[in-house]
Amino acid sequence: MRTHSLKISFIALLCLTLAGCLSFGPLKYRQVKMLKQEGFVLTEEGWSLGLPERLLFDFNKADIKTDHQKEIIRLANQLSKYNLQKLKIVGHTDDIGNPEYNQNLSEERAQSVSSIFISQGFKQNNLTVLGRGSSQPYAPNTSEQNRANNRRVAVIIIP
């Protein structure tokens with residue numbers, strides 16, 4: 001009888017150990033849970049959070065509004081707490097205007113978000129900053145609402 005109890009105890013301990021090692025690809029369960037709570041979604045590029053331009057920037061600007069800097073700081077601290085410090089930050093625009101201008105604006109917006117992460121202790125060499133202009137719309141640029149959705153900065157986790 002005692003041997004049976006030892007076997008059950010060993011199996012239970014083994015199950016607990018394996019559950020603690022549970023991960024989703026290169027990320028651990030607790031990291032994925034936090035990312036989902038923050039609003040990240042799994043895309044083909046990785047876990048991604050789109051930060052809408054209308055919340056972060058004034059029209060045609062790359063400086064982040066002061067009242068929204070606190071939210072990015074909170075996000076940076078949360079990612080750091082869960083040891084998610086390698087990021088790709090990608091700026092996007094709608095298709096209105098000169099493509100070269102939109103490309104530069106998307107890069108400047110991504111850099112603005114990146115600078116907040118750096119100010120919170122992220123290492124610059126762990127951040128990839130890209131601008132994609134209007135080349136990857138979230139929705140067709142057929143309405144003002146869709147164009148607004150396309151003006152965004154995405155924060156993507158690099159495992």
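Visitor: In this predicted model, is R74 buried, partly exposed or exposed?
Guide: The model is a predicted one. The class of R74 follows from its relative accessible area, which is 36%. Buried would require under 20% and exposed over 50%. R74 is therefore partly exposed.

Visitor: Which residue meets R74 in a salt bridge?
Guide: Side chains of opposite charge can pair when their charged atoms come close. Here the N to O distance is 2.8 Å. The partner, partly exposed at 43% relative accessibility, is E71.

Visitor: Which residues are linked with E144 in a network of salt bridges?
Guide: E144 forms a salt bridge with R147, with the closest N and O atoms 3.7 Å apart. The side chain of E144 also meets that of R151 in a salt bridge, at 3.1 Å from N to O. The network that contains E144 links it with D94, R147 and R151.

Visitor: Where do E144 and R147 lie?
Guide: An α-helix has 3.6 residues a turn, so residues three or four places apart point the same way. E144 and R147 are three residues apart, about one turn. Both lie in helix α6 (residues 144–150).

Visitor: Is R151 buried or exposed?
Guide: E144, its salt-bridge partner, is partly exposed, with a relative accessible area of 45%. R147 has a relative accessible area of 17% and is buried. For R151 the relative accessibility is 10%, which is under the 20% limit. R151 is therefore buried.

Visitor: How many salt bridges does the structure hold?
Guide: Among them are the pair E71 and R74 and the pair E144 and R147. The structure holds seven.

Visitor: What is the distance between the end C-alpha atoms of helix α5?
Guide: Helix α5 covers residues 99–119, which makes 21 residues. At 1.5 Å a residue, the helix should span 30 Å. The distance between its end C-alpha atoms agrees with this: 30 Å.

Visitor: Which residue caps the N-terminal end of α5?
Guide: The cap is made by a side-chain oxygen that lies 2.6 Å from the backbone nitrogen of E100. Just after α5, G121 takes a positive phi of about 100°. The residue that caps the N-terminal end is N98.

Visitor: A polar atom in the side chain of S112 lies 2.5 Å from the backbone oxygen of which residue?
Guide: S112 is in helix α5 and is buried, with a relative accessible area of 13%. Other buried residues of α5 include L105, R109 and F117. Beyond its neighbours within four places in sequence, S112 is in contact with F57, A62, D63 and I64. The backbone oxygen at 2.5 Å belongs to A62.

Visitor: Which residue in β7 stands opposite G50?
Guide: Strands β4 (residues 46–52) and β7 (residues 152–157) run antiparallel. Five bridges join them. Opposite G50 stands A154.

Visitor: With which side chain does the side chain of E45 make a polar contact?
Guide: E45 is in the loop between β3 and β4, and it is partly exposed at 35% relative accessibility. Its contacts beyond four places in sequence are K88, R132 and I156. I156 is 111 residues from E45 in sequence, yet the C-alpha atoms are 7.4 Å apart. The polar contact, at 3.2 Å, is with the side chain of R132.

Visitor: What phi does N83 have?
Guide: Most residues other than glycine have a negative phi, and most peptide bonds are trans. N83 is in the loop between α4 and β5 (87–91) and counts as exposed, at 58% relative accessibility. Although N83 is not a glycine, its phi is positive, about 55°.

Terms used: Residues are numbered from 1 along each chain as its sequence is written. This is a predicted model: local features need pLDDT of at least 70, side-chain atom pairs count only at pLDDT 80 or more; totals for chains, interfaces and linings use all residues. Side-chain values use heavy atoms; hydrogens and water are left out. Helices (H or I, at least four residues) and strands (E, at least two) are DSSP runs, numbered from the N terminus. The expected span of a helix is 1.5 Å times one less than its number of residues. Buried means under 20% relative accessible area, exposed over 50%, partly exposed in between (1.4 Å probe, protein chains only). A polar contact is a pair of N or O atoms within 3.5 Å; within protein, one must be able to donate a hydrogen and the other to accept it, and residues adjacent in sequence count only if both atoms are side-chain atoms. Two strands pair if DSSP finds at least two bridges between them. A salt bridge is a side-chain nitrogen of Lys or Arg within 4 Å of a carboxyl oxygen of Asp or Glu. Contact means heavy atoms within 4.5 Å.
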